[in-house]
Amino acid sequence: MSDVVTSLSIQRLDRRNSIDVARWDAFVMACPQATFFHRSGWQVLIEDIFGHDSYFLYAESGGVIRGVLPLGHVKSRLFGKALTSLPFSVYGGVAAVDEETATALELRAQQLARELGVDHLELRNVQRRHADWPLQDLYVTFRKPIEATEEKNLLAIPRKQRAMVRKGIKNGLTSQIDPTADRFFALYADNVHRHGTPAMPKAYFNQLLRVFGPDCEVLTVCAPDGKPVSSVLSFYFRDEVLPYYAGDAEAARELAANDFKYWELMRLACARGLKVFDYGRSKLNTGSYAFKKNWGFEPTPLHYEYQLYKTDSVPQNNPANAKYRLLIATWRRMPIQLANWLGPKIVRNLG
């Protein structure tokens with residue numbers, strides 16, 4: 001090992017230590033491998049909203065942070081125990097200035113996983129790091145540069161999808177930036193209920209807005225009568241915009257509100273001088289996968305790597321798993337008030 005590694009000290013971030021929190025976030029903003037989901041604020045969400053323990057590890061040498069690895073310890077009676085980087089995110093894993101630091105952090109994570117007695121360790125990497133680790137290859141991500149002008153961005157959308165955007169414009173749709181998550185949550189909760197999946201708690205979205213401030217924003221699309229029909233909650237990181245949670249009313253399809261919504265987000269991002277539109281994660285060969293490809297985005301595989309301790313296979317805790325079909329069908333028939341009450345108790349176990 002080099003002198004850098006032998007002098008490394010691996011620490012656990014204390015969210016009450018404002019100096020170390022600031023050092024962590026400064027590193028994340030500067031490290032090319034880091035993502036929005038490496039920010040220290042996720043520690044607040046994991047602990048306060050979902051009630052899970054967090055282990056935000058950082059490696060330093062000579063008082064300088066050289067790498068970070070945020071981890072959440074999800075303990076579930078339904079799905080077992082996991083140590084994940086990072087629960088409720090699409091990207092995670094280690095972000096470091098060199099391979100030796102990255103390896104040291106991953107070794108500490110594996111040691112911690114064994115100490116906690118989890119079923120598995122999961123690192124949600126964008127790039128493959130360990131060819132010999134079991135892999136979850138269900139997901140892809142969609143990213144594309146934002147063109148320099150509004151006109152170029154519109155013309156970059158394939159013809160059929162561009163026609164849907166123009167339909168939304170012709171229908172007199174408008175967009176607004178909302179100061180709260182109220183209108184967004186109503187649309188989101190109704191949308192996921194129709195798809196048969198539980199909703200995140202409303203408190204989670206309100207906390208996202210509080211924790212990340214201007215780097216978390218809600219854009220809501222309204223019909224000509226002022227009624228909200230589509231909404232998206234997005235994250236901003238460096239020169240990127242990441243639409244992350246979305247919801248649509250049943251009327252949105254006829255009005256082309258979903259297409260208009262993402263066009264408005266792209267248009268506003270262009271006006272802000274942002275460079276990358278991150279359309280986010282989708283499962284292979286699903287409706288959202290096809291929708292994003294229709295926008296001219298090409299999929300990039302995500303490499304979710306595992307270390308298995310008390311299980312023989314990579315867990316499949318997602319709606320694509322056939323064993324959840326009955327649960328999904330039952331959830332769709334459940335009154336939405338009951339679903340919104342029960343949903344957070346289930347979704348906290350998913351991570």
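Predicted model: local features only at pLDDT ≥ 70, side-chain atom pairs only at ≥ 80, totals over all residues.
Helices (H or I, at least four residues) and strands (E, at least two) are here DSSP runs, numbered from the N terminus.

**Whole chain.** Colour the residues by relative accessibility: of the 351 residues, 53% count as buried.

**S40.** Select helix 2 (18–30) and helix 3 (41–49), then the loop between them, where S40 is found. Is S40 buried or exposed? Its relative accessibility is 8%, and because buried means under 20%, S40 counts as buried. Now show the side chains around S40. Apart from neighbours within four places in sequence, the residues in contact with S40 are L13, V21, W24, D25 and F56.

**The second largest pocket.** Move on to the second largest pocket, whose volume is about 410 Å³. Its lining comprises 25 residues, and those closest to the centre are P32, Q33, T35, V126 and Q127. Select these five to centre the view. Then highlight helix 4 (99–116), strand 8 (139–145) and strand 12 (240–248), each of which supplies at least two residues of the lining of this pocket. Finally, colour the lining of the second largest pocket by residue class: 11 residues are nonpolar, seven are polar and seven are charged.

How values were computed
Residues numbered from 1 in each chain as written. Heavy atoms only, no water. Buried < 20%, exposed > 50% of the residue type's maximum accessible area, 1.4 Å probe, protein only. Contact = heavy atoms within 4.5 Å. 1 Å grid on protein atoms, 1.4 Å probe; cavity = no way out; pocket = protein on both sides within 12 Å on 5 of 7 lines; lining within 4 Å. Points joined across faces, edges and corners; volume = space filled by probe spheres on them. Nonpolar A, V, L, I, M, F, W, Y, C, P; charged D, E, K, R; others polar.
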